[in-house]
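Subject: Structure handed over, with findings

Dear colleague,

Please find the structure below, followed by an account of what was found in it. I would be grateful if you could read the two side by side.

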Amino acid sequence: MIEMRNVFKTYPSGMEALRGVTLKIEKGEFVFLVGASGSGKSTLIKLLLKEEDAASGFIKIGDFIATEMKRKMVPYLRRSLGIVFQDFRLLPDKTIYENAAFAMRIVEATPKEIRRQVPMVLALVGLSKKANQYPHELSGGEQQRAAIARALVNNPSVLLADEPTGNLDPETALDIMKLISDINHRGTTVIVASHAKELVDTLKKRVVALENGRIVSDQKKGVYTVEAQNYQVSY
């Protein structure tokens, strides 16, 4: 599903964000990316989204080879990906229904497809009764559920989440991660960048730890501890 081989990323400032990252994620996996700020988690996600280009190496996402892709093909890659951000990024002047529908209009879905699909994803995330409300009328957890609905509305094969619980209280954060886990159980490949040690411990998924742009640990479910730049993960 996703393969990265010997990937380097250096920003114009000279900062090396990724240093020889090699990673393979199978279809249907749930993977946490953990590590201190600046370890390379967000950069890795940006490379998968093609928001940034690798300096060198090989990146394949499904049938797309991102490191050889022409710019005109990027929108087609992104249609196969759903993205959830820490700060929700909902359109404030549109209802929750309209936010999800807007994501479908971008990919030129028909009105009929929108009328069928949007209620389904809002039901999936538990927001059917909030469809006609605006983002500012929702709690933080509800806004993140709306953002997840928007990310799922085009049936992506991969869901990317960059610190999706960073602005939420612990109880709400756990609810959101359980929702993302349920989505994974339906067959969607999930990659979550997170600082939330308690959530990582609770969900017991594959954990890839980064430090200074390098993968320092890649472990499946287990019963031991790994330290990466003072970030301790037990699972």
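Asp87 and Arg89 form a salt bridge, with their closest N and O atoms 3.1 Å apart; the term requires a side-chain nitrogen of Lys or Arg within 4 Å of a carboxyl oxygen of Asp or Glu. Asp87 is partly exposed at 44% relative accessibility, and Arg89 is partly exposed at 48%. Here, buried means under 20% relative accessible area, exposed means over 50%, and partly exposed lies in between, using a 1.4 Å probe and protein chains only. The structure holds 10 salt bridges.

Please note that this is a predicted model, in which local features need pLDDT of at least 70 and side-chain atom pairs count only at pLDDT 80 or more, while totals for chains, interfaces and linings use all residues. Residues are numbered from 1 along each chain as its sequence is written, and side-chain values use heavy atoms, with hydrogens and water left out.

A further salt bridge links Glu52 with Lys9, at 3.4 Å between the closest N and O atoms. Glu52 lies in the loop between α1 and β4 (56-61), and Lys9 in strand β1 (residues 2-10), so this pair ties together parts that are 43 residues apart in sequence. Helices (H or I, at least four residues) and strands (E, at least two) are DSSP runs, numbered from the N terminus. Lys9 is buried, at 8% relative accessible area, whereas Glu52 is partly exposed, at 23%.

Strand β1 also contains Arg5. The side chain of Arg5 meets that of Glu3 in a salt bridge of 2.9 Å, N to O. Arg5 has a relative accessible area of 40% and is partly exposed; Glu3 is partly exposed too, at 23%. Leaving aside residues up to four places away in sequence, Arg5 touches Val21, Thr22, Gly57 and Phe58, where contact means heavy atoms within 4.5 Å. The C-alpha atoms of Arg5 and Gly35, which are 30 residues apart along the chain, are separated by 20 Å.

Finally, I turn to the helix α1. Of the 9 residues of α1 (residues 41-49), 7 are buried, so this helix is largely enclosed by the rest of the structure. Those buried residues are Lys41, Thr43, Leu44, Ile45, Leu47, Leu48 and Leu49. Just after α1, Lys50 takes a positive phi of about 65°.

With kind regards
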